[in-house]
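Welcome! Take a look at the sequence and the model below, and then we will walk through a few of its parts together.

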Amino acid sequence: MAAHLSYGRVNLNILREAARKELREFLDKCAGSKAIVWDDYLTGPFGLIAQYSLLKEHEVEKMFTLKGSKLPPADVKNIIFFVRPRLELMDIIAENVFSEDKSHSSRDFHILFVPRRSLLCEQRLKEQGVLGSFINIDEYILDLIPYDGDLLSMEYESAFRECYLENDQTSLYHTAKGLMTLQALYGTIPQIYGKGDCARHVANMMLRMKREFSGSQNQILPVFDTLLLLDRNVDLLTPLATQLTYEGLIDEIYGITNGYVKLPPEKFAQKKQGEGSKDLPTEPKKLQLNSAEELYAEIRDKNFNAVGAALSKKAKIISAAFEERHNAKTVGEIKQFVSQLPHMQAARSSLANHTSIAELIKDITTSEAFFDNLTVEQEFMTGVDTDKVNTYIEDCIAQKDPLIKILRLVCMQSVCNNGLKQKVLDYYKREILQTYGYEHILTLNNLEKGGLLKPQTSSRNNYPTIRKTLKLWMEDANEQNPNDISYVYSGYAPLSIRLTQVLARPGWRSIEEVLKMLPGPHFEERQQLPAGLHKKRQQGENRTTLVFFLGGVTYAEIAALRFLSQMEDGGMEYIIATTKLINGTTWIKSLMDRPESQAP
Amino acid sequence: MAFITANWNPLGEAFYRKTELYDMCWNIRDGLGDSLVAAAPYGGPIALLREPHRRSPSSRPHLEIYSASGVTITSFPWKSGPVVQLGWTVSDELLCIQEDGTVLIYDLFGSFKRHFSMGQEVVQSQVLEAKVFHSPYGTGVAIITGSSRYTLATNIDDLKPRRLPEVPGLQGKPSCWVVLTQDRQTKVLLSTGPELFILDNTSCTNVCPPGLSPQAGSIVHMSVSFSYRYLALFTDTGHLWTGFSNLQEKLSVVDTKKMTTPKQMVWCRRPKSQQPSVVLMWDRLLMVVGLCNDPIQFPVEDLCVLVGELDGVRIISSTNQELLQEVPLVCQDIFKIASMAPGALLLEAHREYEKSSQKADEYLREIKEQRMLGEAVRQCVEAAGHEYDSTTQKSLLKAASFGKCFLTDFSPDQFVQTCRELRVLNAVRESGVGLPLTHTQYPHADHMTLQVLIDRLVYRQFYPLAIEICRYLKIPDYQGVSRVLKHWASCKVQQKDLSDEAIARAVCVKVGDSPGVSYSDIAAKAYECGRTELAIKLLDFEARSGEQVPLLLKMKRSQLALSKAVESGDTDLVYTVVSYLKNEMNRGDFFMTLRNQPVALSLYRQFCKLQEQDTLKDLYNQDDDHQELANYYVSASYREKRLDSRLSLLQSAVDEYNKAKNEFAAKATEDEMRLLRFQRKLDDEKGAGLLGLSLQATMEALLALGLHKQAEQLYRDFRVPDKRYWWLKLKSLAEKEEWEELEKFSKSKKSPIGYLAFVDICMKCNNKYEAKKYVSKVTPEQKVKAHLAVSDLEGAAEAAIERRNEAEMGAVLARCSTSDQLLIDRLTRARATAVKK
């Protein structure tokens, strides 16, 4: 069911199994039939840990979404609330409990806090006078959720906003806890590197937590050699750029949530059913995207311009495989052919799906608007005219293009120019306020607070130095057969990944100057291993680094890291962890105030 | 050793023996006769409540607590009310049940811990009799009151006293009664003389033990076995009925020929008993009655106390203590005179070997011929476990070790295990420690865990021994040494004669950073004893800052608690402290405290954002954070429905932005207010429905309504860039297909957005005719594009050739179809020359 988690260098299925075990134990604690009341936000992440079948095996008969007033009727013994520890949710729960029909009040209430129980919430329940109604109040420690064989995410949407705008480090505490859990399962990570204030904070907490458990030494042979903690605000540029990998584009255009994408159904109509145009499905087509699907694993990280070729090559292979049947003469040969049939059919339908998706994306990427937008992005990234008002942005505002698109571009210009001249900045801001409404003054304020948008200070623009030293722009990016990570943005090499790459070889000492230009401290810590756990490395054996992006990571960055893992002489494999999988749009959205009033 | 069987007494097939445990260390001149006595099983402590020598109104009884070996632990005069019964809990606490139904609980050292009552009604009716019993739920108490009613509490740690139903015809107290635990239910079995009743939660049932004839008389004494499985009933005709406690089956009825009621009656069994028995005690006689008709009789000099154990009965007299038990089968096999059991032969062989006699070989040969050497070793090891005397243990173990030498592939586990266990047992049996545990009672998973053994040593404050044992048995620190240290430290902090400093240092030195010892727990204990300063000192050693917080709050060290919470990084904890502080402090102090803790302050702001908007304002005000205050007013303005209030909030925002020197925001907000006023005016005048629209949308709406003048006014007032306004107007006019207006507009001045936009917009509205009007006006660079837009290939080609632009020619070519052969030729030629150049 989750085999793809165990194929990678690090068997992430262990983590999933540990999470499943804990879930089963909790469910069994509430004897008898149960109904789960879900905090809607949790259903997606939970789906990656346990399907409904597991819940069913443990007598979960009904599932509801948490909402006010009365609970729907259900003839069960236990009602279990699965919630994040948030005060507003506590009020809803209290309302639910109060309106429970006392006449046949045989139902037992339980709460499972994800990922951690909270005194504050319990206090709230107490104030509401319902705390005593709960038989079990427990926590389900689900910090890092395995998304794929090399990818963990906390799906903590507001992490960046909380850390940089609100100075609320809750997400970092969860991160540190999650990393402790990870170390409990995969061994102490001997080396910790980091860049950024949040990274420093997380590392400090980890070291403290380790001291707190000083008695019990972890006796597991370390799986990870290095942990690299990176603040998102060290590299604000990358998420703003349009991702150009296949997976990145799917996310940019349709949005991937919890490993699923919803696509317009038209392209996926069953062609066999003939002309019946009225049968066209109206529900969006929902597809799961992960490395369990062979073809997807192959093309997800390619530059989109290389996907077409890959698909047609695959098509040839598949049809050749089907042609084999004509060559099958003997009974044995036919039998062998038939035995491969299910696999081939799956491959064929997978091919059909991705061909359709690629067509959908191609319609967009070949449009003039997409091209113009990309051209401007690339101009900014190469440092062309970043210091004056950009005509394209002006026109887009005049055309009332989506605000988020505008914000992405303006922020990008600001980042690439190390801040905008006050006049330019004010001009953009005025344009935005006049066109999209004055309420966005709060959003603009947030972006300034987060450093995405800022007035240029007296210091000179250091972006060109950073770009040159880290080789962020590669003129001759090879999209078909890449030899450098810059292929993921057709020329731009993500800064965050360059830092990772340099750390592995030749080391950060070579770029001290640039590191000083980027915000926050950089540091190195070592964690003592118990004697006997020092790895004896085989000749040519790769080292493993866990890269943790605090504040989110994009699919293109993941693709770049996978590319580095696969480099023959790289000597390093990467596992990626993050607070949230993001793209420019979702990221900017999370920083907006009153986004509900924003025109689409 | 030859006389090891000397104290064996046959009872049916089996033998019973008395082993001397201790010469009691205590000094009780007048015997145990006048005292209330309670001795706990598993070698537990003994409590005596002794009546004063001379009865006088002023003299009080004396409560004395001894170890099982009679070492005084504590003694003090009893100052509370009259006591009916004493008893021990499973965790070595003393229960003193008073006449008025109050139960006082003391620890081993006689310090009062707490008390509870068996019910209000008892105060009136008084307790006649009481019993302390142990059940799977813990320690329970049963009483019968003067109104002949029973009250039962099955677990004193989770007190739920239940009053049992009335017993028909019962006056005063019954002649005898016991508490039974059966099928997870606790019941009382009682005899009113002629009749026997079972009393449970809901009913009182008359029962009749099977096989006890009515002639046997009425039941005057009863006893239930350690496991609650067996029951013994003694009648006034001297008959002893034994059977199962569910009263379904009889074991035997024996006539003791004793008409007087025994003082005490206790079951004596062991697991896998061959011949279970009941021990009865009269004034000068102890009788062991088995299933057969031939009881053993021992004379006794003075009154003793019988303590039923899992595998025997301890007999405590004023001078010594003995263990009466059935001789285990394996010991019988080995020590029975002329036994030929393999173990017996091995023991003999080893004895001869030590004498350097060749007989050793003969014995060994004999065992080996029967292929019983393994069995022999096992027997010796097992028997060693059952022997109390260490010399006997040694000789048996030596024999086993000797036998082992002649075996290959023999697992040493049992041998090693037994040696280890005996070493521990011998250590705790020492008279100074006084825990006379048998090997059967030793923690083998089911009855008692090793932790309990360690705990019991700890209760007695034998810390070094406990630690020694933990280390010796290799108990993981977490369960072993650390637990002991924790107890030790909790005890240490109570020492009143030592200074805080000294105690903190002593604790730190001993405990160090042993895993699993929580300094906060120790500190909590210190605080409980009223030593706040010590508690704070101890908390400093706590590595987990999160753990320090609750106690610090309790001790009202809220500032410290807050900084510890912040240190821990656990934001939930910070919230907890903050919400606590909020309730404890006045607002000013509260804000000041937060101010010194930026992390806490920002968390509290978050909280306020969601829960208490007004407080948020106060916070910003206090910090003179004008920027945030302004933002606050802005967002508040959007929650406001009425325009006037909205405007006044925005005005406050403007003021704050000005104070924050944020000119841009101040200006923008002023603009917003201006726009809102404008919108309202127009809405009032024309019903335009503009309120809430952005400036751009307002202008759009105005144009759509044909209110060009007003749109123009906004354009000027708000200094809208020409470009954007032109786009706006262009689109609006095209949408309304006002082509004449459009043309006029195009000529009003030079277009800041060029004229290609005009071409495009007309084409978008499918008006090629209008579009063509503007083609000529576009800049040379856009000419080709413009011609192509209106599908004028000729014109496009013309323009491209004129500009000699190869790419543009290509673009035109791409649009040409086969019918335009002439054009294609011309372009191709032109391109060729362009390339040449």
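Two strands count as a pair if DSSP finds at least two bridges between them. Keep that in mind as you look at this predicted model. Strand E4 (residues 108-113) of chain A pairs with E5(A) in the parallel sense, over 5 bridges. Across this pairing, A:Ile111 stands opposite A:Ile137 in E5(A).

Now for the sheet around that pair. In chain A, 5 strands form an open sheet with parallel pairing, in the order E2-E1-E3-E4-E5. At its edges are strand E2 (60-65) and strand E5 (134-139) of chain A, each of which pairs on one side only. From one strand to the next, the twist averages 20°. In general, strands of a sheet pair through backbone hydrogen bonds, either parallel or antiparallel.

| strand E2 of chain A | 60-65 |
| strand E5 of chain A | 134-139 |

Further along chain A, a loop between helix H18 (441-449) and helix H19 (463-469) holds A:Asn462. Is A:Asn462 buried or exposed? A:Asn462 counts as buried because its relative accessibility is 18%, and the cut-off for buried is under 20%. Leaving aside residues up to four places away in sequence, A:Asn462 touches A:Asn418 and A:Met517.

Finally, turn to chain B, where an unreviewed UniProt entry lists residues 517-830 as "domain: Vps16 C-terminal". That span is 78% helix and 0% strand, with its end C-alpha atoms 92 Å apart.

Note on methods
Residues are numbered from 1 along each chain as its sequence is written. Chains are lettered from A and ligands numbered from 1 in the order in which they are written. This is a predicted model: local features need pLDDT of at least 70, side-chain atom pairs count only at pLDDT 80 or more; totals for chains, interfaces and linings use all residues. Side-chain values use heavy atoms; hydrogens and water are left out. Helices (H or I, at least four residues) and strands (E, at least two) are DSSP runs, numbered from the N terminus. Buried means under 20% relative accessible area, exposed over 50%, partly exposed in between (1.4 Å probe, protein chains only). Contact means heavy atoms within 4.5 Å. Axes are lines fitted to C-alpha atoms, for helices over the stretch in contact, and angles run from 0 to 180 degrees between N-to-C directions. UniProt positions are given in the numbering used here, feature names are shortened, and annotations may be inferred rather than shown by experiment.
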